[in-house]
Amino acid sequence: MAGSILAPVIVYGTVFGFTYVLLALGFTLLLGISRVLNLAYGALYMVTAYMIFYFAVEMGYNLVLSTILAGGIAVAVGVAVFLLCTKFAPDPMRFLVVTLLVALLLQYLFSYYFQGQSGYIIPGLLPTKEILLYGVSVSPIYLWTAGITIVVFVALWVWIDWTSYGHTVRAAAEDPETASLFGIRVRTVYLVVVAVSSAIVALAAILIVPAQEVTPTMWVEPFVIAFVVSVIGGLEQFKWTLPAAFLLSFSQFYVEFSYPTSASLSDIVAFLVAIGFIIVLPKGIGGIRSGR
Amino acid sequence: MNLLDVANVTRTFGGNRAVDDVSFTMSVDALAIVGPNGAGKTTLLNLIAGVLHPDKVKRKEKKKGRRKAKIQFSGKEITRLPPWRIARLGMVKTYQIVRPFRSLTVEENLELFAKLRGGADIDRILAATGLTEVRGHLSGVLPFGLLKRLELAKALAASPKLLLLDEPIGGLSRAEAEGLLKTLLDLKSSGTRMVVVEHRLGEILPVVDRVVALDRGHVIFDGTRDHFFDNAAVRTAYLGREDA
Amino acid sequence: MAVSPKRPRVAKEWLRVARRSVRDPFFLAPVVFLLLLPFLVGLNSSGFLALSLVFAAIYILLALAWDFSSGMTGYLNFGIPFFFGVGALTAGYLSWHGNRNILDLLLAAFGSGLLGGFLFSVPTLRLRGPYFALLSFLLPLIGTDFVLAYWVPFHWPTEGFYGLPFLADTPGGELLVLSVANVIVLTAFVLLRNSHFGLVLRGIRDDEDALLSQGISTFPYKVVAFTLASGVVGFAGACYAMVNTYSGVDAFGFDFNLFPILIVLIGGAGELVGAAWAGAIVILVYEYFFPIFSDLTLIVFVLVAVVLVLFVPHGLVRPLRQFVKFMSTKEEPT
């Protein structure tokens with residue numbers, strides 16, 4: 001690796017890696033519990049962003065209030081979609097289709113309602129003046145995000161592994177039928193997990209979106225990242241999302257800096273890494289291989 | 001050469017040895033694997049069919065004299081082969097909990113498997129299993145008794161050299177079971193060989209030539225059915241232990 | 001049991017399948033409809049109806065491909081836009097290099113679709129349905145990214161490939177070409193569906209585990225189905241490019257997923273024949289309402305799709321077929 005790209009790759013790879021961890025945490029949590037794939041996860045990111053825009057910019061509310069409202073709406077949407085699907089589309093494939101359609105629906109709705117309004121339009125709660133880190137200019141937003149991600153990660157770990165409610169969640173995830181026989185209200189547990197995971201993705205949006213462009217198609221990226229990191233990390237325990245997230249972000253930045261092109265190749269890298277893992281290390285992807 | 005050779009097969013779930021160093025051979029036409037609930041019968045059948053793989057023997061266990069698991073079908077080693085390969089070799093298993101292809105008709109269910117090892121005579125199989133009248137019905141709507149027959153018919157459609165039947169009369173009424181057992185006897189006399197796991201002793205023993213009994217994962221009896229009921233280990237397993 | 005020689009047996013088998021397929025009124029009706037349509041509209045027509053139907057015919061091709069692969073196996077595939085774009089680009093590229101033979105372009109696009117489909121299917125079809133679906137979801141993104149990234153380094157014309165040959169001289173003529181293509185694809189897929197190959201695909205949708213543990217390796221069947229479907233999608237992409245005489249990155253748009261899936265949902269997943277009717281209806285309705293409601297039309301369509309998935313998962317053809325069967329049997333239903 002040429003010396004000139006070493007610093008940016010490492011700095012960006014690390015900093016963005018934390019972002020990826022945050023995104024993947026919510027998704028892995030959701031997946032580990034409900035065992036169905038939810039494309040609306042990325043849509044919640046977008047909902048948070050547009051709601052902040054709506055309340056803070058269009059309606060002129062106080063920024064902190066707007067942020068809280070946006071987060072609340074995102075969680076509500078996440079829970080609502082989950083309830084709708086579990087009631088009417090319990091099998092994994094239909095669940096997936098419905099969540100995709102919901103994401104598309106939101107995309108078209110936001111595109112219609114906020115016509116032409118896209119770009120760096122969201123004011124942030126965090127300082128945005130870029131700072132220099134090893135010669136690489138980074139927005140402090142990402143540094144704050146990294147820090148908060150660590151806190152969230154540890155909090156989640158403690159919750160799942162050490163608290164009694166966390167054990168309840170694990171029991172409900174592993175064997176819902178037996179759990180309910182022991183008096184665990186599995187439905188409620190699922191709802192709590194969905195709410196927590198929606199809150200995590202909303203938090204990610206609140207932190208990061210001020211540094212990003214807001215567009216009606218912005219639900220795709222967070223979802224792709226969350227999904228690919230989960231696939232690489234294996235779906236059994238979310239602690240693997242840490243190395244997986246960094247693997248992905250380092251790969252992406254290495255390619256970006258080594259082969260600069262006019263468009264982003266990060267999706268292609270993500271795809272290739274995912275496929276690479278599937279072919280080479282399928283066991284690391286939990287029990288999702290078909291056949292033996 | 002025996003039709004089936006099972007040697008030193010062990011399978012653990014969690015901390016529980018469901019099948020513990022089980023060995024037996026089969027050269028008769030019909031063999032029953034019996035035992036009280038939880039004995040490991042279905043697990044053993046799944047191991048033979050390749051649905052599950054036997055545990056690998058750890059080094060320290062090897063030192064203690066435990067040997068490697070080995071399953072052979074007509075002399076060919078099939079340990080750890082995927083189930084579809086084993087089925088291609090001629091050993092076909094049915095399911096205790098029936099798994100028809102619900103959106104296909106009875107006939108289509110059979111056609112699926114008929115291509116497996118060269119075309120089987122579907123009409124003959126439908127007649128042999130008493131399903132001719134419902135051949136055009138969607139399998140998803142069949143009553144339970146007919147679904148059990150369909151399980152058997154599907155396995156037959158694959159022209160098996162050895163049938164592995166997992167509780168073929170489980171859940172059937174006395175009369176329905178009688179009908180299915182007669183079908184099994186007819187199949188046996190026309191040359192189909194079978195291993196049957198069954199819970200209902202009295203009904204299955206007259207059909208088979210040899211019995212292997214399991215209790216808590218171990219083989220406690222391997223002999224003809226004449227000596228079965230008098231065997232001390234068998235009696236203890238079924239009737240209760242005096243020293244428990 | 002005497003074993004008869006293999007070749008006459010295979011031929012007899014396909015004749016049986018063909019005879020059974022052709023006798024099905026649900027198959028004959030759309031075939032007749034598709035073939036008559038261009039003549040009803042008028043081979044020389046250039047009107048709104050003809051233009052809309054041309055696009056409908058392209059979407060019907062896509063719907064058939066999607067139904068044959070995803071509809072029948074249950075493995076949802078969101079990669080249509082990718083192979084569509086690949087087909088369009090193949091046609092555009094060849095045309096730009098001087099080849100203006102329509103048949104060449106179409107065959108090349110079909111071939112590139114086949115190749116792409118195969119390359120994608122082989123590593124990914126080892127995964128369970130939902131994971132395969134998500135990987136396929138990445139494909140259109142990759143297509144767009146790749147094209148945008150390398151367009152300039154490849155020295156392709158900046159705005160896209162222009163000047164492709166027209167598929168036919170008039171929209172009416174294009175409709176004829178596309179209708180014939182649809183009939184061929186529909187027939188081929190229906191024949192496959194009614195054969196043992198189709199049985200396995202439907203079995204995969206019902207219970208793939210049972211198939212696997214009862215001796216059938218499902219992998220080759222899935223790969224063949226998806227490869228064929230991708231070939232058809234590539235072909236459709238070339239048609240799209242030639243109808244517009246332009247081939248560019250727009251062909252990779254994710255929106256090309258929506259209509260085929262909606263059409264299949266209405267027609268009934270795995271039924272194939274429903275796609276023809278449903279396609280014409282969906283596109284005509286869209287073209288009629290779009291000038292009035294503009295982007296809201298799309299929103300309504302997505303809502304309709306959601307309702308269908310949740311409440312009418314089997315589409316319209318299957319209940320219709322059962323109704324016809326019910327009306328025509330003389331026995332009491334059991």
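Figure 1. Helices (H or I, at least four residues) and strands (E, at least two) are DSSP runs, numbered from the N terminus. At D67(C), α3(C) bends by about 40°, the bend being the angle between axes fitted to the seven residues ending at a residue and the seven starting there. Because 22 of the 26 residues of α3(C) are buried, this helix is largely enclosed by the rest of the structure. A residue is buried if 20 or more other C-beta atoms lie within 10 Å of its own, exposed if 12 or fewer, and partly exposed in between, with C-beta atoms placed from the backbone. Just after α3(C), G74(C) takes a positive phi of about 85°.

Residues are numbered from 1 along each chain as its sequence is written, while chains are lettered from A and ligands numbered from 1 in the order in which they are written. In this predicted model, local features need pLDDT of at least 70 and side-chain atom pairs count only at pLDDT 80 or more, whereas totals for chains, interfaces and linings use all residues.

**Figure 2. Chain C as a whole.** Chain C contains 13 helices and two strands. Its C-alpha atoms fill a box of roughly 65 × 40 × 40 Å, taken along the principal axes. The radius of gyration of chain C is 20 Å, which agrees with the value near 20 Å for a compact globule of 334 residues; this radius is taken over C-alpha atoms, and the globule rule is 2.2 Å times the number of residues to the power 0.38. Of the 334 residues of chain C, 53% count as buried. Two residues are in contact if their C-beta atoms, placed from the backbone, lie within 7 Å. Among contacts in chain C between residues at least 6 apart in sequence, 83% join residues at least 24 apart. The mean pLDDT of chain C is 84, and 95% of the residues score at least 70; pLDDT is the predictor's confidence in each residue, from 0 to 100. Within chain C, confidence is lowest in helix α13 (residues 317–328), at a mean of 72, and highest in helix α9 (residues 219–244), at 94.

**Figure 3. The contact between chains A and C.** Chain A contributes 35 residues to this contact and chain C contributes 36 residues. On the side of chain A that touches chain C, the elements giving two or more residues are α4, α9 (220–233) and α11 (266–280) of chain A. Of these, α4(A) gives the most, with 13 residues. By class, this side of chain A has 26 nonpolar, six polar and three charged residues. Here Ala, Val, Leu, Ile, Met, Phe, Trp, Tyr, Cys and Pro count as nonpolar, Asp, Glu, Lys and Arg as charged, and the others, Gly among them, as polar.

**Figure 4. Y112(A) and its contacts in chain C.** Y112(A) lies in helix α4 (residues 92–113) of chain A. The residue counts as partly exposed because 14 other C-beta atoms lie within 10 Å. Leaving aside neighbours within four places in sequence, Y112(A) is in contact with D295(C), L296(C) and I299(C).

**Figure 5. The contact between chains B and C.** Here 21 residues come from chain B and 16 residues from chain C. Two or more residues each are given to this side of chain B by α3 (83–88) and α4 (106–114) of chain B. By class, the side of chain B that touches chain C has eleven nonpolar, two polar and eight charged residues.

**Figure 6. A120(B) and its surroundings.** A120(B) is found in the loop between α4 and α5 (122–128) of chain B. With 21 C-beta neighbours inside 10 Å, A120(B) counts as buried. Not counting residues up to four places away in sequence, A120(B) touches A114(B), I125(B), A157(B) and S159(B). The C-alpha atoms of A120(B) and K60(B), 60 residues apart along the chain, are separated by 49 Å.
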